[in-house]
Amino acid sequence: MSRLLIVSNRLPVNVDKRRGQLHFRRTVGGLATAVASYHDGGDSLWIGWAEVPAGRLDAAEKEHIRDRLLDEHHAQPVFLTADDIQHYYHGFSNKALWPLFHHFTQYAQFDPGFWATYERVNRKFRDAVLEVAEPGDTIWVHDYQLMLLPGMLRDRLPEASIGFFLHIPFPVFEIFRMLPWRAELLEGVLGSDLVGFHTYDYVRYFLASCRRILGAEDQFGRIAFRDRIVNADAFPIGIDFTRYAKAPLESRVRREAERVSRQTGQRKLVLSVDRLDYTKGIPDRLRAFDSLLERHPEWRNKVNLVCVAVPSRTRVEHYRALKRQVDELVGYINGRWATMDWTPVRYLYRSLPFHSLVGLYAAADVAMVTPLRDGMNLVAKEYVAASAEDGLGVLVLSEMAGAAKELGEALIINPNDRDATVEALNAALTMPEDEQRARNEAMHRRLRRYDVQRWAEDFLQSLRVTKRLQDEYDEKLLSAERRQALTDSYARAPKRLLVLDYDGTLMGIAARPENVRPDPELLQLLERLADDKKNDVAIVSGRERSTLEEWLGQLPVRLAAEHGAWLRSREGEWVTSGPLTNAWKERVRPLLEMFTDRTPGSFIEEKDFSLVWHFRKAHPDMAGTRVSELKETLVGMTGEMGLGLLEGKKVLEVKNQGVNKGQAAHRWMERAEPQFILAMGDDRTDEDLFEAAPEWAWTIRVGRGPSRAAYSLSSVDDARMLLWELAAEGDREPAEGLVRS
């Protein structure tokens with residue numbers, strides 16, 4: 001039976017060795033809390049670091065830990081050395097990736113030694129997964145510490161179902177590009193089948209980096225990478241809503257809430273709960289509270305801020321400096337405003353047990369969740385869920401938190417705008433109860449519907465859909481059996497027609513059109529195919545005829561230039577495919593020039609009967625916007641002038657209507673009456689070619705993706721290899737009868 005293998009940096013169980021004894025306890029917070037509730041209810045195995053340094057354990061203790069974790073917690077430990085922890089976790093993960101991904105570039109350290117350890121530890125996790133993985137298992141890798149792991153697993157388990165989820169923000173391209181090992185990380189993540197993020201903004205940033213760093217194009221979030229389709233999508237993580245909604249009814253939590261209320265008295269209670277991390281904006285939160293007391297004196301002695309700061313990465317200097325800053329701010333505010341019977345800020349520098357935390361949620365009138373940048377922030381969702389019973393409480397939420405995309409009924413603020421934060425806090429403290437209930441009820445419905453269980457199921461279901469999509473594409477791949485049938489059919493046919501696209505099929509795509517001149521090996525291949533008297537070889541291309549003549553004119557092949565506007569016979573005579581006109585260019589060219597001026601990196605190519613706007617070297621996001629604008633502008637003009645628009649790979653071509661590769665191929669098919677037809681192409685401009693071919697023809701798309709072609713090949717190299725095989729088969733004696741696909 002297939003299982004779910006959950007792989008994360010830490011296990012949801014902490015193992016500690018004190019005074020020679022091993023102690024086991026469940027961990028809380030973050031990923032452990034979110035995924036553990038799903039893990040506990042299913043057939044799964046969790047693989048991760050148990051936190052106890054391997055150097056403190058002997059072989060027997062490691063075996064004991066492994067057995068107990070497996071028996072009691074369905075977990076498989078990864079043992080890390082002190083050096084691993086220092087350089088992989090505290091080093092690369094939290095001194096390079098964490099600050100960079102949160103846009104705190106001033107804190108990022110790019111140490112090659114950290115990177116080397118990060119690679120080595122990811123291999124340790126790979127080996128731990130390989131030790132337990134079985135056919136049919138689904139592998140779900142989590143977070144920034146393991147971004148290389150999906151690619152490492154793909155190399156060893158090519159058929160595995162692998163998902164990856166990033167629980168922190170993905171940065172914009174201009175920041176991500178700063179990382180020296182940016183390509184390696186993207187390639188690692190793209191070893192998965194499905195990549196998940198909390199918001200669509202992070203998805204867009206990831207796709208932009210894949211395009212601009214790896215050249216991996218996407219279509220509706222589907223990335224073509226190394227002969228595979230990888231899907232990227234947003235899955236906003238939920239919480240165990242029922243647990244937090246019902247917790248205030250438990251006696252232990254209720255007593256805690258009542259104790260807090262007695263201590264607060266008639267004063268309003270504002271709550272701040274976060275890890276002590278520079279991304280959370282705790283100093284800005286304290287300054288906003290100080291400004292509230294300054295600008296709204298009516299709140300002096302009538303409101304308390306409880307600031308819970310959970311210790312984090314206490315050995316890192318940035319965090320120690322942050323601790324000193326927060327301590328000083330708390331002291332400053334209390335020293336400035338406190339009275340004999342009122343201390344404005346109550347500061348707790350520690351983590352809280354569940355009942356104490358939810359007791360605070362239930363007692364608080366307002367929660368301030370105002371990070372400077374945060375992947376999601378589950379505190380916001382937990383606070384809202386804890387108000388499910390009475391519907392009271394106001395959430396002041398930073399727009400920089402992923403949760404703001406879902407909790408739109410909260411008071412959304414820019415944490416860098418202190419004035420707006422102060423006024424939002426004042427509005428929260430004075431909000432009528434009816435309005436509080438109305439806002440919270442809407443958020444309750446959303447959080448109840450999309451809880452952590454639904455989040456996990458949604459991700460895993462999308463992973464299954466992605467695998468089915470890959471299987472559909474794989475079904476079109478020219479398998480060994482189909483390849484043999486094709487070559488047999490080729491060898492037996494007395495008359496053959498080979499219609500071959502050029503760019504992306506016989507030669508790879510280049511940024512500049514002139515950079516894909518045919519290499520000697522390709523010329524030799526085409527000459528060998530064309531010299532076979534049974535073959536009629538035709539090269540169809542969007543290129544202008546002078547280029548095709550220069551590059552391929554010496555070969556005895558047919559040529560179609562400008563997508564079929566010009567046709568050349570095997571003997572070298574060029575003719576137009578019909579009555580064509582150029583008068584329209586004077587109206588269209590100025591429009592293309594205007595868009596070229598507005599889009600750095602784009603340029604215009606003029607052919608005999610068409611104008612082509614190239615945008616391969618332009619900024620992808622800008623080019624996507626511009627091409628949509630240009631198409632919309634051209635539609636009206638082209639319709640009235642009898643023109644057509646043809647969109648290829650990073651090009652938009654304006655040409656005479658009715659001219660396409662399919663028409664040219666259809667003419668040759670009718671005249672030659674071949675018994676074997678092979679049509680090969682790689683993009684949308686070749687779909688007309690596939691459509692024009694009879695059902696029994698061999699139609700092949702080079703690359704993955706939806707197509708009218710019956711079959712597919714993975715790359716230009718694979719396409720050439722097939723053609724070499726056909727050239728070798730050409731010497732076989734024809735057998736009786738003809739074989740068609």
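Are Phe197 and Phe206 buried or exposed?

View 1. Phe197 is buried, as is Phe206, where buried means under 20% relative accessible area and exposed over 50%, with partly exposed in between (1.4 Å probe, protein chains only). This is a predicted model, in which local features need pLDDT of at least 70 and side-chain atom pairs count only at pLDDT 80 or more, while totals for chains, interfaces and linings use all residues. Residues are numbered from 1 along each chain as its sequence is written, and side-chain values use heavy atoms, with hydrogens and water left out.

**View 2. Trp140 and Phe459 form a stacked pair.** Among the 31 aromatic pairs of the structure, this one has ring centres 4.7 Å apart and planes at 10 degrees, so it counts as stacked. Rings of Phe, Tyr and Trp (its six-membered ring) pair if their centres lie within 6.5 Å, and planes under 30 degrees apart count as stacked, over 60 as edge-to-face and the rest as tilted. Trp140 and Phe459 are both buried. In the pair of Phe197 and Phe206, by contrast, the centres are 5.2 Å apart and the planes stand at 45 degrees, so that pair is tilted.

**View 3. Charged side chains lie over aromatic rings.** The charged end of Lys62 sits over the ring of Phe79, 5.6 Å from its centre, and Arg243 lies over the face of Tyr244, at 5.9 Å from the ring centre. A charge sits over a ring if NZ of Lys or CZ of Arg is within 6 Å of the ring centre and within 35 degrees of the ring normal.
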